[in-house]
Amino acid sequence: MNDAYNVSILDQVKTQIGYPADVRVFDNAIIPVVNSALAFLYQVGIGPSIPFMITGPTETWADFWAQSETDTTTAMAMEYVHLKVWSVFDPPSKVGMQDTLREMLTELENRMTDISDAANSVYRGGDNCGN
């Protein structure tokens, strides 16, 4: 596993949305949003085969991917969690940016769902033609 994944999921997301990783005052508000995004990833078959949740700054991306059979969607999943938390916790103030953010989230959701569906079809012995 790449050493870049040995970072706290919570701390990375916080810095990506503009909050210092060491300031814990907003953690209880951010953690449920992170877990919601991780639940979506689980629902579409991305990541571990069992639901994964964070409880604080100790869980890392390496922990998340260590329980997964594949990491072909790693970058998309990490970006999805970041954008989802941003859209809920600290959304852009301009409507145009909000629309762009929603479009980015929808695109990531669709791509990850397509990848997961294709992988699941292969695992089930399908031929990607509806079988």
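The legends below accompany close-up views of a predicted model of one protein.

View 1. Buried residues make up 38% of the 131 residues in the protein. Among the contacts between residues at least 6 apart in sequence, 56% join residues that are at least 24 apart.

View 2. Among the elements, helix H1 (residues 9-16) has the highest mean pLDDT, 96, whereas helix H5 (residues 95-123) has the lowest, 86. Over residues 126-131 the pLDDT stays under 50, and for this stretch the model has six contacts beyond four places in sequence.

**View 3. The crossing of helix H1 with helix H2 (residues 27-43).** The axes of H1 and H2 come within 11 Å and cross at roughly 105°; since angles of 65 to 115 degrees count as roughly perpendicular, the two helices are therefore described as roughly perpendicular to each other. On the H1 side the contact is made by Ile9, Leu10, Val13 and Lys14, and on the H2 side by Asp27, Ile30, Ile31 and Val34. Sorted by class, this contact has six nonpolar residues, two charged residues and no polar ones.

**View 4. Helix H2 and the residue Gly45 that comes after it.** The 17 residues of H2 should span 24 Å at 1.5 Å a residue, and the end C-alpha atoms of the helix are 24 Å apart, which agrees with that expectation. The buried residues of H2 are Asp27, Ile30, Ile31, Val33, Val34, Asn35, Ala37, Leu38, Phe40 and Leu41. Gly45, which follows H2, has a positive phi, near 90°.

**View 5. Asp27 in helix H2.** Asp27 has a relative accessible area of 6% and is therefore buried, as the cut-off for that word is under 20%. Not counting residues up to four places away in sequence, Asp27 touches Leu10, Lys14 and Pro32. Pro57 lies 30 residues from Asp27 along the chain, and the C-alpha atoms of these two residues are separated by 8.7 Å.

**View 6. Trp65 in helix H3 (residues 61-66).** Trp65 counts as buried because its relative accessibility is 3%. Between Trp65 and Phe52 there are 9.9 Å in space, C-alpha to C-alpha, and the two are 13 residues apart in sequence.

**View 7. Helix H4 (residues 74-89), with His82 placed in it.** H4 has 16 residues and reaches 22 Å from its first C-alpha to its last, close to the 22 Å expected at 1.5 Å a residue. In this helix Thr74, Met76, Ala77, Met78, Tyr80, Val81, His82, Leu83 and Val85 are buried. His82 counts as buried because its relative accessible area is 10%. When residues up to four places away in sequence are not counted, His82 touches Gln16 and Ile17.

How values were computed
Residues are numbered from 1 along each chain as its sequence is written. This is a predicted model: local features need pLDDT of at least 70, side-chain atom pairs count only at pLDDT 80 or more; totals for chains, interfaces and linings use all residues. Side-chain values use heavy atoms; hydrogens and water are left out. Helices (H or I, at least four residues) and strands (E, at least two) are DSSP runs, numbered from the N terminus. Buried means under 20% relative accessible area, exposed over 50%, partly exposed in between (1.4 Å probe, protein chains only). Contact means heavy atoms within 4.5 Å. pLDDT is the predictor's confidence in each residue, from 0 to 100. Axes are lines fitted to C-alpha atoms, for helices over the stretch in contact, and angles run from 0 to 180 degrees between N-to-C directions. Angles under 35 degrees count as roughly parallel, over 145 as roughly antiparallel, 65 to 115 as roughly perpendicular and the rest as oblique. Ala, Val, Leu, Ile, Met, Phe, Trp, Tyr, Cys and Pro count as nonpolar, Asp, Glu, Lys and Arg as charged, and the others, Gly among them, as polar. The expected span of a helix is 1.5 Å times one less than its number of residues.
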